[in-house]
Each structure stands twice: as C-alpha cells, then as structure tokens.
Amino acid sequence: MTALGVDDPHDARLALGATGLLADFNAAGVLEAADVHVARRLTSLAGDDDERVALAVAVAARAVRAGSVCVDLHTVAGDTGAEELAWPSGPEWVEAVTASALAGEPRVLRIEGGRMLYLDRYWREEQQVCADLLGRPPLPALSTDASATLDAGLARVFPHEGYDEQRAAAAIALSQRTTVLTGGPGTGKTTTVAALLALLAEQTQVAGDPPLRIALAAPTGKAAARLHQAVRDEVERLPSVDRDRLGDLRSVTLHRLLGSRPDSSTRFRHHRDNRLPHDVVVVDETSMVSLTMMARLLEAVRPESRLILVGDPDQLTSVEAGAVLADLVEGLGARSDTRIAALSTSHRFGESIRTLAAAVRRGDADAVIDLLRAGGEHVVLVEDADPVPHLREALLPRMLALRGAAEQGDAPTALRLLDGHRLLCAHRDGSRGVHHWNRLSERWISEETGVGIWSAWYPGRPVLVTANDYGLGLYNGDAGVAVRRGAGLRAALEATSGPVEVAPGRLGDVETMHAMTIHKSQGSQADEVTVLMPPEDSRLLTRELFYTAITRARGLVRVVGTEAEVRAAVERRAVRASGLRQRLQDAP
Ligand SMILES: Nc1ncnc2c1ncn2[C@@H]1O[C@H](COP(=O)(O)OP(=O)(O)OP(=O)(O)O)[C@@H](O)[C@H]1O
C-alpha cells in the first residue's frame, strides 16, 4: 500500500507513468497527479531530464494550488511534514533550478533571494503589482481654499459624534492617490466610501472639472450587488447637495469592469494601452482579489485616477493564489510615504461578539476559550462529545417555523426566518460537513412532522444559489426558500435587489442550505450563526476561517467544538507564501 492509502494502481490520485522522485512524492501524497503532469510536460518540452528540476516545477504548482505565489526551497521539506522523502538539499536544489533550461528563455521558473521558487508568471505579476502601485504619482498639495472646502466637507458628510474614526480614514484617503481602507464587518467602510465619493465629487465641481466618473466594483456578482445596495443606502443618508452630485452609482464585477474577453479568462479589454476611463475606482471585498486579478486591475486603472481598495484583511483570502490585501496592508503600511486607512469599531455587533472576534484576530487562544466558556446572551460554546441532541433542540424549532411559514405560502416571513440563522461548516463532506448536516436536518424535520421528505423540493427547503443568473438577477450566494403556492411550490429568493419568486424548475444551480460552507457565507450575515468546528487536523481549520465564521453573526454565535479544535483554529494561520509584502516594504 502507498502512503496515499491506496492499493489500486489506477487510483486517480496517482499520476500514470510517473517515475523516480515524482512518483515517490505522488505516492506519498505530497504531490497530486496534476502537479506531476505539469512537471513532466514542462521538463519534457524543455528537454530537461534532471529529476530535481521536475520536482521543483511540481512543488511550485502544488504551492499555487494551495494559494501561495512561491515556495521556499530551503524549508519546503519540513513544511510538508514529509521529511523522510528524498528531498534535494536547499542550496543544491536552487543550483539545479538555476542551471535548468526552464530558468532560461522562455522562462518558466525563477529563483528570488537565493531560495524562493516562483513559476515565472506569478513572479512577473508580483513585480508588476508592486511597480504599478508604487509608480502611481503622488497628489499635488491642495490650495488653501481647497483645504478649507475639504475640512468643511468632512464636517458636513460626517456630521455626528461617533464618526471620528471614519472622518480620519476619509481624510487619509483624500490625501493619497491610492488608499487601502480596511475594517471588519460593520466598521463603517461603506459609509466612509459614500462620504469620500461625495467629497471627491465636490472637489471636482469646485475645480470646474467635468463630473467625476466613478467605478464601483467587487470580485463576485453577489459582492458587487451588495456594494451597489449598501452604497445607495449610505448615499441616501448624505445631505441632498452631495446626493445630487453623486447621482445614481452602479456597481459591477471586476471582470465586467475590466471587460471580459471570450478568448481568455486572465486577459481583458482594458489594459495598459486601453485604460479605464474612470477618475475614481473603488474595489470592495479586496480580500477575495487574487494576485492575477490585482495585476490586471492595476494595469488598467489610469495612473492619475484615485484607487480605493476596501476590505477586511483578516477574512478568508481569494480562491486563487495570493493574499494581496493582507500583503498591501503590511507592505504599504510599513512605508513612510503611504498610510492605511483603518477602521476598527464595529457599529453592528454587540460587545461580546466584537471582543471574541478581536481575540481570534490577535490569536489569543486563552482569551477566546475564556470568552466562549463565559458565554452569555450573544456567545454560546457547545462542547458536548455528541452535540446532535443540543443542536436538534436549538435548531429544529427554527426549521419547523420556516416550514410552517412556507406551508402557508408566506414568503416574506419565510425569508425573514431564513435570514435568522445559518449553520456553517468548514467542509462539504464528513461528519462535520454540509452534506451530512443537510441530511440530518431533513431527517429531524421528517421525524417531527411525520411527513417524509422524498423529493428535492419541499415546502421550507432552504436553498443557496450557486451560480450567477443575470436574467433572474440572482447571484452565487443568494439564498431562498421553497413556499407553497396553490397545489405547487415556488422558490422565494432574497435577491440583492429585493425579493423574487420563480418556479423551482427555472433555478439551475441551487443546493439545499440547512447548512452551508463558511467559504460560501463570506459577504453575508445572519442574526444567529452556528459554527461546526472541523476536526483539529483539518487542513481548512485556520484563524481566518474561524474569524470569517463568527463575524457572520449579528446577534448570537454558537460554536460547536472542543477546546483543542478552537485552539487549533485560533493558532493556525492560513499561511500563503508571497513576496509582495517584502517587495512593497523594501522598494525605494
Ligand atoms: N459612526 C457610526 N455610528 C453609528 N452607526 C454607524 C456608523 N458608521 C456606520 N454606521 C452604521 O453601521 C452599519 C454598518 O456600516 P457600513 O455598512 O458602512 O459598514 P461596513 O464596514 O461597510 O460593513 P460590511 O463590511 O459588513 O458590509 C450601517 O447600518 C451604518 O449606517
């Protein structure tokens, strides 16, 4: 039996035809078949038969798969936990890669700082992001009159007490061509953006320039729709003079802003030679933007336009490689010529969720355990060896209430009840996974009502949309519930633009949502949230995952897990190797 735990030589995880180091590392579970295939293909194209070079390519591909942009050849053996394999020594390996045809032209591999191995494409993107960001020209100093207008404006758009933090963040953003605006959920990022745009529009008008062209964008359709709604709500609160100057602001996905091309998923219509026309570009949920997307954005934004990157660097990162927002916060934050606009006071949570989230963020596991055990109105820890009875008691009444409203065809109540609670899992499979808890929830409902659930659609079935449907105005991440209409069922959904009802058959991509993954919950909130901690050795169990999960709760967070699982979550960072932070810090 191989270390992968498979006897079958045809197991899909084993790369067919692999030999030598690649085969050994594949069988040990360090490399996946895809890494091996990339390595074999590239080395064979380059005519390189050095096994160490093939292993380097495979390890670089593996790193990208895990979200890293590069890999440290001196430490990777220890980092993988498979030190018993025949790893080349760091210096010898670096030498072999440097001498390889793959490090020549056309270049595929690159070594940085004598040890960090990059697939060249990511190295170039990292270089470009750094150069484009730091190359943006500084703003000219404001005249005395313009300064006075700005001060009066700041007092106008942030009139009340309690807005000092946001006023200071807006002042920082107004003083820079490029600003990273950070803050956790409910810290007033959108409020600050709306006010900032109002002040920029005023500056433009006072200067007699043509009206400001503003782009609002986000990495996903759902985030873009939420941004649109949130900015609209906050603009509504501004004085009428500012509202009129801003007009109707639209928001789009980054793909749409840059202009998708049918022939490529990584190249766009707007680029260095065909820049975006906007004077101000605001990107929300920047934590979900990959290195590649950031590179494409920065080459498309005009150097003289304002760029405002908004997000929460403590949340889960992009699916693709890179941890760009966190790198920008730390890299730019360490420079003397740039300031980060940071918001830290949440205006949405109760004190206890806020304190818990802060303890998770600073990695203070003792404090997290103490806060969870102290419990209270807003925080509950379920440590039972078998949490099922506890959860059945806590969650089943909610499910039955939802079913009741759905049976009566009362869509508004059903949607309100649906928004009341989320059951969050790290995984899809396994005893702590979404599938298991969806099935268990349906079983509880059947047992309690005496009515079996035999078909996919039933009254009270909560659903999650899993693909954008622009025709219906639905986005990946929108939620809904099946409600009775006469003899049949309709799906009532809470689209970002408001509630919609459609025939279930019209919904192509939906899944049952008694439980959902933490990744999918990003960007949404519910009154109550139950977090099922994954097992202690889960690859997904990280501080960022836990922080994202608990900050989905507006009123109550219930954590189901052992002390060891909670500690593992708080103590383990989602480490993504990247050189961007250092590059931004060190560049002149
Ligand atoms: N200084 C403040 N005092 C009181 N309430 C505020 C303040 N700033 C914002 N709010 C309110 O708090 C809520 C959250 O603000 P906002 O939407 O701007 O935060 P956010 O950081 O963009 O949130 P999220 O990232 O979760 O979408 C809103 O209802 C907003 O009107």
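Helices, in the sense used here, are DSSP runs of H or I that are at least four residues long, numbered from the N terminus, and in this predicted model one such run, helix 6 (residues 120–135), contains L133. L133 counts as buried because 23 C-beta neighbours lie inside 10 Å, where 20 or more are required. When neighbours within four places in sequence are left aside, L133 is in contact with T178 and L298.

At the level of the whole chain, the secondary structure comprises 23 helices and 21 strands. The radius of gyration of the protein chain is 26 Å, close to the 25 Å that the globule rule gives for 588 residues, and the chain is therefore as compact as a globular protein of that length. The C-alpha trace spans about 75 × 65 × 50 Å along its principal axes. Of the 588 residues, 48% count as buried, and among contacts with a separation of 6 or more, 72% are accounted for by residues 24 or more positions apart.

The largest nonpolar core holds 176 residues, of which V57, A58, A60, A414 and I550 touch the most other members. Helix 3 (residues 51–65) gives the most to this core, contributing 11 residues. For I550, the contacts that remain once neighbours within four places in sequence are set aside are with I353, L356, A357, V360, V531 and V557.

Among the strands, an open sheet of 6 members is arranged in the order 6-5-9-10-4-11, with parallel pairing. Strand 6 (251–253) and strand 11 (341–342) stand at the edges of this sheet, and because each has a single partner strand, one side of each is left without a neighbour in the sheet.

The ligand is surrounded by 14 residues, the closest being P185, G188, K189, T190 and H347. Classified by residue type, the shell around the ligand consists of 3 nonpolar, 9 polar and 2 charged residues. The element that gives the most to this shell is helix 9 (residues 189–206), with 3 residues.

Conventions:
Residues numbered from 1 in each chain as written. Predicted model: local features only at pLDDT ≥ 70, side-chain atom pairs only at ≥ 80, totals over all residues. Near = placed C-beta within 6 Å. Helix = DSSP H or I, 4+ residues; strand = E, 2+ residues; numbered from the N terminus. Nonpolar A, V, L, I, M, F, W, Y, C, P; charged D, E, K, R; others polar. Core = buried A, V, L, I, M, F, W, Y, C linked by C-beta atoms within 7 Å. Buried ≥ 20, exposed ≤ 12 C-beta atoms within 10 Å, placed from the backbone. Contact = placed C-beta atoms within 7 Å. Rg over C-alpha atoms; globule rule 2.2 N^0.38 Å. Pairing = 2+ DSSP bridges.
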